[in-house]
Amino acid sequence: MAEYVVCTTPEMAKKPKNISFAEAASIPLVGLTALQALRTGGVKEGSKVFIPGGAGGVGSIAIQIAKKMLKASHVTTTASPGAGTDICNKVGADRIIDYRSEDVVKVLAGEDFDMAFDTMNQAAEFGGLIKNGGKIVSISGTPTIEAIESASKFGSPSLLVRAFMFMSRNRAAEKNAKKAGATWEYIFMKPDGNDLAEIAKYVESGDIAPIIDTEASSLDDFAVAADKLFSGRAKGKCVIKVA
C-alpha cells in the first residue's frame, strides 16, 4: 500500500462525476480485468456467458460489463444464498446457481456457453460447459508463458521461469477445452486509459455500478478492509481511504 502511485498518462482516465473517490478507486483493477478477459473471450451482442463468483470483486463488475457494454444476451453465475445472490440479481445476472447446494459443473453440462470466464482456477472443469468454437479465459491459477510474454515490458522470462511455467501449465484446461472444440487462454490485465474511459462512460450513465463491501477510513485502519478481503467472504471490493 502507498499514498501515491506513479503512472503514465495513457493509463489514466477521468473519474466519473456521479461516484465517490472510494467508488472510483474500486473500479480500475477489476473493471479492466473483466473487460479485457471478456473481449479476449469474444463476448459480443447475443453471447451466452458463464461468469462464476458473481458477487466477488471481478464477477460483480464482469456481469455488468458483459450485459451493458458488450450486450451479451445471457449471463449465468454462481453465488451463495442471501447477500451474494442479492448482488448477482442487482448487477443483472440471468441465472444464479447456488454453489453450496448444487454441483455447478453437472447442472450446467451441455449449456454451450460462448465464453466461460475462469475467475477461480476452475478452467479444467469448464470443457463440458463450452460450445464448439467457444473460449475459456482464465485470470486465476498458474499463468502461461504466453501470458507472461504478452504482459512483460522486459521480453521473455528466464529459462528457469520458462521451465517452471512449462511444468506447471494447466494442461487439463487445454485438453478439456480442445475436446469440446474450444480454446483456453490465460491473460494478465494491462493498464489502459482508453478501456478505463469506456467503462467510465457506462458508470456515469448509471449502467454500471461499483459494488463495495468494506471501506477502511484510513491507512491506519487498513486491517478492516484487508481482513475482509483475505477472508474470502468479501462481496464486491474492499477499499482503503488514504486521506
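**The largest pocket and its surroundings**

A: In this predicted model, 39 residues line the largest pocket, and those nearest its centre are V5, A24, A25, S26 and P28. The elements that each give two or more residues to this lining are α1, α2, α9, α10 (222–231) and β8 (237–240). The volume of the largest pocket is about 1,400 Å³, and its lining is made up of 32 nonpolar residues, one polar residue and six charged residues.

S26 sits in the loop that runs between α1 (21–25) and α2. With a relative accessible area of 4%, S26 counts as buried, because buried is the word for values under 20%. Once its neighbours within four places in sequence are left aside, S26 is in contact with P210, I212, K237 and V239. The side chain of S26 also reaches the backbone oxygen of E23, at 2.6 Å. As for I136, it is 110 residues from S26 in sequence, and the two are 25 Å apart in space, C-alpha to C-alpha.

About 900 Å³ of space lies in the second largest pocket, and of the 37 residues that line it, G53, G56, G57, T119 and M120 are the closest to its centre. At least two residues of this lining are supplied by each of α2, α3, β2, α5 (104–107) and β8. Sorted by class, the lining of the second largest pocket has 20 nonpolar, 12 polar and five charged residues.

The largest nonpolar core has 37 residues, of which L38, V49, I51, I65, F117 and I199 touch the most other members. Two or more residues of this core come from each of α2 (28–40), β1 (48–51), α3 (57–69), β2 (74–79), α4 (83–91), β4 (113–118) and α9 (193–204), and the largest share, seven residues, comes from α3. Leaving aside neighbours within four places in sequence, F117 has contacts that include T33, A34, A37, L38, F50, I51 and P52, and V58, A62, F126, V137 and I139 are also among them.

Key
Residues numbered from 1 in each chain as written. Predicted model: local features only at pLDDT ≥ 70, side-chain atom pairs only at ≥ 80, totals over all residues. Heavy atoms only, no water. Core = buried A, V, L, I, M, F, W, Y, C linked by side-chain atoms within 4.5 Å. Buried < 20%, exposed > 50% of the residue type's maximum accessible area, 1.4 Å probe, protein only. Helix = DSSP H or I, 4+ residues; strand = E, 2+ residues; numbered from the N terminus. Contact = heavy atoms within 4.5 Å. Polar contact = N/O pair within 3.5 Å; in protein donor to acceptor, adjacent residues only side chain to side chain. 1 Å grid on protein atoms, 1.4 Å probe; cavity = no way out; pocket = protein on both sides within 12 Å on 5 of 7 lines; lining within 4 Å. Points joined across faces, edges and corners; volume = space filled by probe spheres on them. Nonpolar A, V, L, I, M, F, W, Y, C, P; charged D, E, K, R; others polar.
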